[in-house]
Amino acid sequence: MVMLSVSSAALLLSTVAYACRKKMKMHHKKGRGSSPHTLVKDHSSVQIENLDEVPFLSMYQIAKATDNFKIDNKIGEGGFGPVYKGVLEDGKVIAVKRLSETSQQGLDEFQNEVICIAKLQHRNLVKLLGYCIHANERILVYEYMENKSLDSFLFDEATGSMLDWPQRFHIIHGIARGILYLHQDSRLQIIHRDLKAGNILLDSEMNPKISDFGLARKFVGQDDMAKTKKVVGTYGYISPEYAVHGCFSIKSDVFSFGVIVLEIVSGKKNREFSHEAHSDNLLGHAWRLYKENKSIQLLSASLRNSCVISEVLRSIHIGLLCVQHHAEDRPTMLSVVLMLISEGALPPPKQPAFFTEESHRQVNSVSTLEEYTITLLHAR
């Protein structure tokens, strides 16, 4: 009996020692930058694709870069969680997005973002520098954008005047090229599904970079339309076919782009727009002015001294083409880019989505559809 106990104890100690050595080896390997390819959620394994293109950063590296997530380094917060400014040991400035415990997003969005951005490279897309998985922590590390997001300029009277017309027109072009890349030229064809001013980041030279791919979806070739029972995105930027029927396509992104263009021109937010003469949103107001040949009145007062009228009118016209009610009437992003750089005649736009009396019926119908859920995501 004694000999059996001694043997059992020796076997147990040997097993524990082996497990400890293996754990230490794995920890050391992760610290050097290797990527764990499996996440565990509710005791079930979720496999991540090969992420060799995106470095894995240890929790130690990130905590050190952000001074242990010091509140003074916090630069924003959105649907995913808080964002911190940090500095790596090599001096590179980074933006660290940390999944919040109270976030409506989670593992799926985290995986989606890492997988999508790992395979996307374009000057008008934000660059993912790394990621971290540690216990319950899910962290994404991006290049730092000195001028934060587009909405921080557009909808603030104090900063709106800092963004003159040439800069705004440059931003419109950059966003269009970024979306065209996602839809047509990237290794993965992507529908973003959450394009908005808050998800357009600006670098030190005011170049726009599309961010937040947590809700993005891949599509193949000529896939025209997909359908979901869970509609996610941001009110004011969601196309009618997506909001009401859960149908999304590249034309959903085109609609969102059109809203952004009209917001850039006017300096007004579509969802919060109001006018004393009518109850239309920004799209409806732009449509009324277009029909009365008064489109120039949509222009923000802060741009009057810097604008090129022909560019402003062309931008408004293209914006209206993008927000037409029916998806098939909207142009592709290739057509949009060509229209922006040319001076040729443009086709007349049809009535935009969510206009006047029709808009009230559509909004009410969304709220009464029990099988569809619209998740309001704030700018991150």
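A: Let's begin with helix α3, residues 107-118, which lies across β5 (93-98), β6 and β7. Against β7, helix α3 runs at about 30°. Please keep in mind that you are looking at a predicted model.

Now look at the sheet itself. It is an open sheet of 5 strands, and their order is β3-β4-β5-β7-β6, with antiparallel pairing. The edges belong to β3 and β6 (128-134), each of which pairs on one side only. On average, neighbouring strands of this sheet are turned by 25° against each other, if direction is ignored.

Next, zoom in on β6 and its partner. β6 and β7 (residues 137-143) run antiparallel, and 6 bridges join them. Although β6 is an edge strand, it is mostly covered, with 6 of its 7 residues buried.

At the other edge of the sheet is β3. Is Phe80 buried or exposed? Its relative accessibility is 3%, so Phe80 counts as buried; the cut-off for buried is under 20%. Along the chain, Phe80 and Lys97 are 17 residues apart, and 7.6 Å separates their C-alpha atoms.

For another covered element, move along to helix α9, residues 282-291. Here 7 of the 10 residues are buried, including Leu282, His285, Trp287 and Leu289. What do the buried residues of α9 pack against? Their neighbours are α8 (250-266) and α10 (309-322). On the α8 side, Phe255, Val259, Leu262, Glu263 and Ser266 meet Leu282, Leu283 and Ala286 of α9.

How do α8 and α9 sit relative to each other? Their axes come within 10 Å and cross at roughly 70°. Angles of 65 to 115 degrees count as roughly perpendicular, and therefore α8 and α9 are roughly perpendicular to each other.

Asn281 caps the N-terminal end, with a side-chain oxygen 3.1 Å from the backbone nitrogen of Leu283. After the helix comes Asn293, which has a positive phi near 60°.

Finally, step back to the whole protein. It has 12 helices and 15 strands, and buried residues make up 53% of its 380 residues. Consider the contacts between residues at least 6 apart in sequence: 67% of them join residues at least 24 apart. The protein exposes about 19,300 Å², and carbon and sulfur atoms supply 53% of that area.

Conventions: Residues are numbered from 1 along each chain as its sequence is written. This is a predicted model: local features need pLDDT of at least 70, side-chain atom pairs count only at pLDDT 80 or more; totals for chains, interfaces and linings use all residues. Side-chain values use heavy atoms; hydrogens and water are left out. Buried means under 20% relative accessible area, exposed over 50%, partly exposed in between (1.4 Å probe, protein chains only). Two strands pair if DSSP finds at least two bridges between them. Helices (H or I, at least four residues) and strands (E, at least two) are DSSP runs, numbered from the N terminus. Axes are lines fitted to C-alpha atoms, for helices over the stretch in contact, and angles run from 0 to 180 degrees between N-to-C directions. Contact means heavy atoms within 4.5 Å. A polar contact is a pair of N or O atoms within 3.5 Å; within protein, one must be able to donate a hydrogen and the other to accept it, and residues adjacent in sequence count only if both atoms are side-chain atoms. Accessible areas come from the Shrake-Rupley method with a 1.4 Å probe; for residues, only the protein chains shown count as cover. Angles under 35 degrees count as roughly parallel, over 145 as roughly antiparallel, 65 to 115 as roughly perpendicular and the rest as oblique.
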